[in-house]
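Colleague: Hi, I'm new to this one. Could you walk me through it?
Modeller: Happy to, let's have a look together.

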Amino acid sequence: MAKDTTGRLHVTVKTGGKRKLSSKLWLERQLNDPYVAQAKREGLRSRAAYKLIEIDDKYHFLKPGITVVDLGAAPGGWSQIAAKRVGATDSKGKVVAIDLLEMPEIPGVSFAQLDFLADDAPDKLLKMMGGRADVVLSDMAANTTGHRKTDQLRILGLVEGAAAFASDVLNPGGTFVAKVFQSGADAELLAQLKRDFSSVRHVKPASSRQDSSERYVLAMGFRGVQGRPLS
Ligand SMILES: C[S@@+](CC[C@H](N)C(=O)[O-])C[C@H]1O[C@@H](n2cnc3c(N)ncnc32)[C@H](O)[C@@H]1O
């Protein structure tokens, strides 16, 4: 085993047999990723958990007693962090999560296997929430097709849907965090968020792979729409 530039041992995986080059590279990246190892040690379900930790450590929106919605939650790293920080396990706060995929139970988290784009998803979510939310998180990512334009549109469709949902359900002062990709196609979304929130910024946590165009939009201080009823 060789050492990398930081002095850590670097694991190399052999190709051959049924293993394709792409899976060899994926496996190597997983085995050598310090966040994957740390997540395993700390009992977190995903390395993605560190992205939410970093964003919240800087901007402090996950407060004890609040209600959080986690869209695209599986395997559950963000829900684990949200549940801990809002005190969902001792019924102080609440975390409601959905995903297309199944997700093993997390104490304090109400989960439903649900497509966010389905017509009945907002109503089902509202029932689970039992009132307005203080934070809407979306780490949703659609499976890529390999066709750049199609992939960008699908990703934008998810984030626009999540932003519209956030504007419908957030309490005044609420926060919206969503995964976006650097594409330049999100100007209209940003303009909308700037109308609805007092501060809007892009964030790229250190734990987000530097070679990926992934980043997060963080919108804080929801201005609220007086009297808008929950449907
Ligand atoms: C990057 S993962 C989320 C990781 C998660 N934040 C964590 O910490 O474990 C993205 C998730 O979005 C989900 N997803 C994609 N499209 C969705 C949709 N239309 N409705 C619900 N979930 C969706 C995927 O199934 C996938 O589990």
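Predicted model: local features only at pLDDT ≥ 70, side-chain atom pairs only at ≥ 80, totals over all residues.

Colleague: Thanks! Which residues come nearest to the ligand?
Modeller: There are 19 residues around the ligand, and Ser46, Asp99, Asp115, Phe116 and Asp139 come nearest.

Colleague: And what classes of residue make up that shell?
Modeller: The shell around the ligand has 12 nonpolar residues, along with 4 polar and 3 charged ones.

Colleague: Which polar backbone atom is 3.0 Å from an oxygen atom of the ligand?
Modeller: That one belongs to Trp78. An oxygen atom of the ligand also lies 3.5 Å from a polar backbone atom of Ala73. On the nitrogen side, a ligand nitrogen atom is 3.3 Å from a polar backbone atom of Leu100.

Colleague: How much of the ligand's accessible area does the protein cover?
Modeller: On its own the ligand has 600 Å² of accessible area, and the protein covers 87% of that. The space the ligand takes is the largest pocket.

Colleague: Changing topic, how is the chain divided?
Modeller: Into two parts: domain 1 spans 2-32 and domain 2 spans 46-222.

Colleague: What distance separates their centres?
Modeller: Taken over C-alpha atoms, the centres of domain 1 and domain 2 are 31 Å apart.

Colleague: Last topic: how many cavities of 30 Å³ or more does the structure hold?
Modeller: It holds 1. The largest cavity has about 70 Å³ of space.

Colleague: Which residues line it, the largest cavity?
Modeller: Its lining is Gln152, Ile155, Leu156, Val159, Val180, Phe181, Ser183 and Asp186.

Conventions
Residues numbered from 1 in each chain as written. Heavy atoms only, no water. Near = heavy atom within 4 Å. Polar contact = N/O pair within 3.5 Å; in protein donor to acceptor, adjacent residues only side chain to side chain. Areas by Shrake-Rupley, 256 points an atom, 1.4 Å probe, with all protein chains shown as cover. 1 Å grid on protein atoms, 1.4 Å probe; cavity = no way out; pocket = protein on both sides within 12 Å on 5 of 7 lines; lining within 4 Å. Sits in = over half its atoms within 2 Å of the grid points. Nonpolar A, V, L, I, M, F, W, Y, C, P; charged D, E, K, R; others polar. Domains from an automatic or database assignment. Points joined across faces, edges and corners; volume = space filled by probe spheres on them.
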